[in-house]
Amino acid sequence: LDELLSLASEFERTHPPTLHGFITWLTDADAEIKRDMEHGKDEVRVMTVHGAKGLESNIVILPDTTRVPDARKVSSILTFDSQMPVWRLSSRHQPRTVSALVEADIAKQREEENRLLYVAMTRARDRLYVAGTKRQNDLAPNCWYELVRRALEPVAEDTGDGRWVLEADQTEKTADTGESGAQATVPTEPEPWMLRSAPEEPPEPKPLAPSRLDLKHTDEGTFAELAEQPAASPTEHLSENRFQRGRLIHRLLQTLPALPETERAQAASRFLTAHGSELDAEARASVSDEVFALLNASDPALQAVFAPTALAEVPISGKLSLKDAAGRPIVISGQIDRLAVSETEVLIVDFKTNRPPPATIDGVAEPYIRQLAAYAEALKSIYPGRSVRAWLVWTYNATLMEVPAERLQAAFT
């Protein structure tokens, strides 16, 4: 990127600044970027072995040398000298001639890996660290670490802590910096941090679904129990399948906003006819009316939530200020039913299928409030400085209920 910007600046100094002209000039120039490590930049470069070809540095660290090439990279189709293709089989059914081709292909890959190892090791001017991670099993004999260790074993010093050290020159080395005769010293002893084992990282907490945040911290450090939502009366609306009704409302509110307004009514009718066979014509018409009452709401915020530009079924994850029993931030991973983001605020809607839904916000189960509060807290981290408004849509009867901001703020206190 630095080189590209430098070339763009150079082009603007000598040519009219047009994109077409710059691309033509850059193509005709056939420029080749050579990275120079001699600038003395105060930085650590992380790159692949391929990217390091032709470069040199005082200190080089190879941090990942205990893995071996994946044997599955061997081609499934091999060729004889006559270029006749041969399909690679399992070792039990493979002819010896084909097995020889497979071994030759593996050997070719190992030769390439060894060439890369040579490139990697010869990038170092003064000091080379060969490192890696080890699990319980022994290292593979053909991994880079073992190849280097076996080569150094006759001449290197075993420190007894899993390290082999080879010092080709015990004297202190210096390099001319080119500035007023000053000298830069290359230390002969490694920095202490290079010899310390990496500290153990604590396990990441398991992400929780926001709808499962059913524990609430109290001042005493205990957890409060939650009351269950009342169930619908078994004698209510016996002629309708309430679960089917809720699913239909949810699906329509998810998909209809993406369609032009002139096409929504016909699309809803087709969908209800195809998927609402368990409901009679009057019930399907009721579902349609309730859905369109929400889609055509006069509240500008709701119009934004159900606008074609809003998002549906949005995955979200984040860390909350709420802590778990181990003192770690609780991590959530969930999905927002509807989301709209503007320059000043974030609007979210979550669908619920309670039968029947509560009549007021005071009757809403605390887990539902916490779910929206978790979404709100995560979204405030993603969109700092913007207010968050949240609604519950009860698909039982397609009614809407906004959760006050103070309820969201108090959900985890």
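**Exercise 1.** At roughly what angle do the axes of helix α7 and helix α8 cross?

*Solution.* The model is predicted: local features need pLDDT of at least 70, side-chain atom pairs count only at pLDDT 80 or more, and totals for chains, interfaces and linings use all residues. Residues are numbered from 1 along each chain as its sequence is written, and side-chain values use heavy atoms, without hydrogens and water.

Step 1. Take α7 as residues 261–275 and α8 as residues 281–295; helices are DSSP runs (H or I, at least four residues) numbered from the N terminus.

**Exercise 2.** State which residues of α7 meet α8 (contact: heavy atoms within 4.5 Å).

*Solution.* Step 1. On α7, list Arg 264, Ala 265, Ala 268, Leu 272 and Thr 273.
Step 2. Their partners in α8 are Arg 284, Val 287, Ser 288, Phe 292 and Leu 295.

**Exercise 3.** Describe the aromatic pair of Phe 11 and Trp 25.

*Solution.* Step 1. Rings of Phe, Tyr and Trp (its six-membered ring) pair if their centres lie within 6.5 Å; planes under 30 degrees apart are stacked, over 60 edge-to-face, the rest tilted.
Step 1. With 5.4 Å centre to centre and 45° between the planes, Phe 11 and Trp 25 are tilted.
Step 2. Phe 11 lies in helix α1 and Trp 25 in helix α2, so the pair ties together parts 14 residues apart in sequence.
Step 3. Phe 11, Phe 22 and Trp 25 form one aromatic cluster.

Notes. Axes fitted to C-alpha atoms, helices over the stretch in contact; angles between N-to-C directions. Helix = DSSP H or I, 4+ residues; strand = E, 2+ residues; numbered from the N terminus.
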